[in-house]
Amino acid sequence: MERFFIEGPQSVSGNVVISGSKNSALPIICASLLTKREVILNNIPIITDVVDLLNILKYLNVNHKFIDNTLLIDSSNIEYNDLIMFEITKIRASYYLMGVFLSLFKKCVIKHPGGCKIGARPIDYHIRAFEKIGFNVLKDDDIYSITLNELKDSKIHFIKKSVGATINTMLASVLNNINVVIENPSLEPEVLDVIGFLNEIGFNINIEMNNIIINNSYKIKEELKYKIISDRVECATFVIMALLCGNLIIENVDIEYISNYITPLINANANIRIIDNKLYVDKSDVNPFDIHVSEYPGFATDIQPLFCTLFSLTNGVSKIFDSIFENRFLVCNELNKMGSKIKINQNEVLIEGVEKLFGTDIAATDLRASAALLIASIAADGKTIISNFSYIHRGYENIYEKLRLIGLKFDYELDK
């Protein structure tokens, strides 16, 4: 793990270019294997989650090459292998290989996927969907063994929207010559991006009355290229950083996907201007407001920790309700060590803004917490040391370079 050191408060200014979306890149890299050919993917962030996924693919005889942020991935010689290697437990997105394997090989043996410890993260929706379309699933300790029973046209209804289960159901269906309807699917921007990719390479997926329709007709195209969307959570990170610590021009933004947090901020007196695909954000005295986390187009759970930092330095009282993951508010304990006044009551926090935060020793508990604590440490008076800071590299490309380009001075080291 890594420790991050900074003496605050500091100001930020300049330009930041937002990288490609982590939550699009991972499933789309997996989906590219369905072609069994070379695929060119543009705007792929070079982050540890992507690197870990590509390391898993080496076990499957899948080759890749990066040219800047263009990934050339060649699965023409892909081979089946049980997915029980250690790397499977490092990233949550390894579970997308389940759906891919069920399309390609009609079977899969896989360890339970890893990821940040933000609460219970079962994959029961995925399993039920696989069973519905015709597979048998057995679980022994942390190993899932999935085999073919009888493929059939299916209608799958999710009680709650699930990004992972929606994508995995599509991946498991597209090569199996069945028609599948997903009712109450997740339609997050990253899911739409995966659908865009699957259709671009030759599959036939439609959205009708908020249902996803997977048709059994397809023809893989000759030229396989795709550019993924930009990362809306990284964008939010630099927006909050600018509102508290200076002014930034934020580039390479998919404006259509960020209104769920930009509009409330503008309504709360944030100085944010939108010009083309850029955001111009200046330090602002933001008014307090309440947030209820929900599925897109609602307010995203991944962005919520960043607002815990913002509201800690907002004049007034704000409330955040988030029932998506039960450990998502762990960051608040660390913010309180810095002087925040946050009361946690199960799925809800009450945040009373303070005039200043103060540097101290704190620890990141997950990817999104690391970003929230980074912003707090820039704004705080005095020296902050953030332990477990390696989490941030799971979702933020070239983060140290980007921070230095906007004027920040800091240091870091590996934990001894």
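Predicted model: local features only at pLDDT ≥ 70, side-chain atom pairs only at ≥ 80, totals over all residues.
1. Helices α3 and α5. Two packed helices are described by the angle between their axes and the distance between the axes. For α3 (residues 96–104) and α5 (residues 163–173) the angle is about 15° and the axes are 7 Å apart. Angles under 35 degrees count as roughly parallel, so α3 is roughly parallel to α5. The crossing of α3 past α5 is right-handed.

2. Residues between α3 and α5. On the α3 side the contact is made by Y96, M98, G99, V100, L102 and S103, and on the α5 side by V163, G164, I167, N168, L171, A172 and S173. Sorted by class, the residues of this contact comprise 8 nonpolar and 5 polar, with no charged.

3. Helices α7 and α9. The axes of these two helices come within 10 Å of each other and cross at roughly 5°. At that angle α7 is therefore roughly parallel to α9. From α7 (232–245), the residues in contact are V233, A236, T237, I240 and L244, and they meet L306, F307, T309 and L310 of α9. The residues of the α7 and α9 contact are 7 nonpolar and 2 polar, and no charged residue takes part.

4. Helices α9 and α11. Helix α9 (304–312) also packs on α11 (367–379). The angle between α9 and α11 is about 20°, and their axes lie 8 Å apart. These two helices are therefore roughly parallel to each other as well, and α9 passes α11 in a right-handed crossing.

5. Residues between α9 and α11. P305, L306 and T309 of α9 are in contact with R368, A371, A372, I375 and A376 of α11. By class, this contact has 6 nonpolar residues, 1 polar and 1 charged.

6. Helices α7 and α11 each supply at least two residues of the lining, and the largest share, 3 residues, comes from α7. By class the lining has 10 nonpolar, 6 polar and 5 charged residues.

7. The cavity. Rolling a probe the size of a water molecule over the atoms shows where empty space is left. How many cavities of 30 Å³ or more does a search of the whole structure find? The search finds 1, and the space in the largest cavity is about 40 Å³. The residues lining this cavity are I229, S230, D231, R232, C235, V253, D254, Y257 and I258. They divide into 5 nonpolar, 1 polar and 3 charged. Of these, R232 and C235 have numbers that fall in the range of α7 (232–245).

8. Backbone geometry to check. Most residues other than glycine have a negative phi, and most peptide bonds are trans. The bond between G8 and P9 is cis, with omega about 0°, and P9 is in the loop between β1 (2–8) and β2 (12–17). A cis peptide bond also joins Y296 and P297, with omega about 15°. P297 is in the loop between β17 (291–292) and α9 (304–312).

9. A positive phi. Where is N252 found? N252 is in the loop between β14 (246–251) and α8 (259–267). Phi of N252 is near 60°, a positive value in a residue other than glycine.

Conventions: Residues numbered from 1 in each chain as written. Heavy atoms only, no water. Axes fitted to C-alpha atoms, helices over the stretch in contact; angles between N-to-C directions. Helix = DSSP H or I, 4+ residues; strand = E, 2+ residues; numbered from the N terminus. Parallel < 35°, antiparallel > 145°, perpendicular 65-115°, else oblique. Left-handed = near helix turned anticlockwise from the far one by under 90°. Contact = heavy atoms within 4.5 Å. Nonpolar A, V, L, I, M, F, W, Y, C, P; charged D, E, K, R; others polar. 1 Å grid on protein atoms, 1.4 Å probe; cavity = no way out; pocket = protein on both sides within 12 Å on 5 of 7 lines; lining within 4 Å. Points joined across faces, edges and corners; volume = space filled by probe spheres on them.
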